[in-house]
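Look at the model below.

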Amino acid sequence: MRSAISKEACKLVCIIAEYGQSQIDILCDKLLSKQCLLKLINSATKIISENGHECVKSLLRNIRNFKVIPKIVDEASSKNTAVRQKISEYLCIVADIFEPQILEKYQIILEEAISFLICDANKE
């Protein structure tokens, strides 16, 4: 039941993101947090995780709220391989859609995130 509700909620957010675009910046900021969608992508339930992942990608592509960049970067240090892979994909979307001057503003944290992502999470 929880998976079905999560799936439908993610679909709704994707539709809102596609048609609401800049009108839902505040909602996007709240949804892309450790307590919401970034928590879903870490779920052991594949349906929940994948729907959360698609929802995050939709929000990034449609809303283009640069305030979410630090939130995404914070998850780059996760030890979960699947989460790190998804964060890598989000950073590719960020690099593709945001203007260079916005990326320059976050250059230091983006470089740190990339370093985390290309290194072994379990190095000792």
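At what angle do helix H1 and helix H4 pack, and how far apart are their axes? This is a predicted model: local features need pLDDT of at least 70, side-chain atom pairs count only at pLDDT 80 or more, and totals for chains, interfaces and linings use all residues. Residues are numbered from 1 along each chain as its sequence is written, and side-chain values use heavy atoms, with hydrogens and water left out.

H1 covers residues 2-20 and H4 covers residues 46-63; they pack at about 10°, with their axes 9 Å apart. That makes H1 roughly parallel to H4 (angles under 35 degrees count as roughly parallel). Helices here are DSSP runs (H or I, at least four residues), numbered from the N terminus. Axes are lines fitted to C-alpha atoms over the stretch in contact, and angles run from 0 to 180 degrees between N-to-C directions.

On the H1 side, the contact (heavy atoms within 4.5 Å) includes Ser-6, Cys-10, Val-13, Cys-14 and Ala-17. H4 contributes residues including Ile-48, Cys-55, Leu-59 and Ile-63. By class, the contact has nine nonpolar, six polar and four charged residues. Ala, Val, Leu, Ile, Met, Phe, Trp, Tyr, Cys and Pro count as nonpolar, Asp, Glu, Lys and Arg as charged, and the others, Gly among them, as polar.

Stay on H4 and find Ser-49, which lies in this helix. Ser-49 is buried, at 5% relative accessible area (buried means under 20%, with a 1.4 Å probe and protein chains only). The C-alpha atoms of Ser-49 and Ser-6 are 9.4 Å apart, although 43 residues separate them along the chain. Beyond its neighbours within four places in sequence, Ser-49 contacts Leu-40, Ile-41, Ser-43 and Lys-86. With Lys-86 there is a side-chain polar contact of 2.4 Å (a pair of N or O atoms within 3.5 Å, one able to donate a hydrogen and the other to accept it).

Helix H6 (residues 81-97) has 17 residues. Its first and last C-alpha atoms are 25 Å apart, close to the 24 Å expected at 1.5 Å a residue (1.5 Å times one less than the number of residues). At the N-terminal end, Asn-80 caps H6: a side-chain oxygen lies 2.8 Å from the backbone nitrogen of Ala-82.

Finally, turn to the loop between H2 and H3, which holds Ser-33. Ser-33 is buried, with a relative accessible area of 13%. Not counting residues up to four places away in sequence, Ser-33 touches Leu-38 and Lys-39.

Conventions:
Helices (H or I, at least four residues) and strands (E, at least two) are DSSP runs, numbered from the N terminus. Angles under 35 degrees count as roughly parallel, over 145 as roughly antiparallel, 65 to 115 as roughly perpendicular and the rest as oblique. Buried means under 20% relative accessible area, exposed over 50%, partly exposed in between (1.4 Å probe, protein chains only).
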